[in-house]
Amino acid sequence: MTATRPPESRQKRLKEGGLISRRDYLRMLVIASGGLLAATAGLASGVFRRHGAESGTVKRVAASIDRNQMLTFSYPGDDDPAIAMRLDDGELVAFSSVCTHLSCAVLWRREEQVLECPCHKGFFSERSGAVLAGPPPRPLPRIRLEERPDGIYAAGPEVKRSRAINGKLAERPREQHRYRNET
Ligand code: FES
């Protein structure tokens, strides 16, 4: 098969830039595809890096926390407020401090042994984060803490405590507590 030269008028238009050649068109297509591919790869790696980091981030949050003391920190990102508490029996717990209703900040009511959301009177268990009363639809996400020789570290989300019923995951039953919703 022999390549045919474009007619003279077309050659002239090509020289003047009025018409692009097939080669130029293919070159532009390759460049555009490459750019699109690079952008997609960059976006995907950024997203995966972020998700991977969030699920596996290990972050030192304190040197220590005394019994009946608490501290606030950010985890996994700087815009993710969290609260860590050493309960009166010595257990160390941490949760996201963002209410699962409309995202107000929860407060620890140590004497009441609950986390309270003052916005709409939502109450959560200080031990498990389970909803005890009020409108929050879900427990507070729990953060796994590790006590190491040099401090306390947040080490990822706590594995959800749920159980399978007929192959489906079900939430744990709400804890018995005096704040429990009357239904
Ligand atoms: S925002 Fe927490 S109960 Fe409404």
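Strands (E, at least two residues) are DSSP runs, numbered from the N terminus, and two strands pair if DSSP finds at least two bridges between them. This is a predicted model, in which local features need pLDDT of at least 70, side-chain atom pairs count only at pLDDT 80 or more, and totals for chains, interfaces and linings use all residues. Residues are numbered from 1 along each chain as its sequence is written.

**View 1. Strands S6 and S7 form a hairpin.** Between the two strands lie 4 residues. Lys121, in the turn, has a positive phi of about 55°. S6 and S7 run antiparallel and are joined by 4 bridges. Glu116 has Phe123 of S7 as its bridge partner.

View 2. S5 covers residues 107-109 and pairs with S6 in the antiparallel sense over 3 bridges. Trp108 has Leu115 of S6 as its bridge partner.

**View 3. An open sheet of 3 strands has the order S2-S3-S4.** Its pairing is antiparallel. S2 (70-74) and S4 are edge strands with a single partner each, so one side of each has no neighbour in the sheet. S2 and S3 share 5 bridges. Met70 has Met85 of S3 as its bridge partner.

**View 4. Phe95 is among the residues with the most contacts inside the largest nonpolar core.** Such a core joins buried Ala, Val, Leu, Ile, Met, Phe, Trp, Tyr and Cys residues through C-beta atoms within 7 Å; buried means 20 or more other C-beta atoms within 10 Å of a residue's own, with C-beta atoms placed from the backbone. This core has 25 residues. Its largest share, 4 residues, comes from S3.

Notes
A residue is buried if 20 or more other C-beta atoms lie within 10 Å of its own, exposed if 12 or fewer, and partly exposed in between; C-beta atoms are placed from the backbone.
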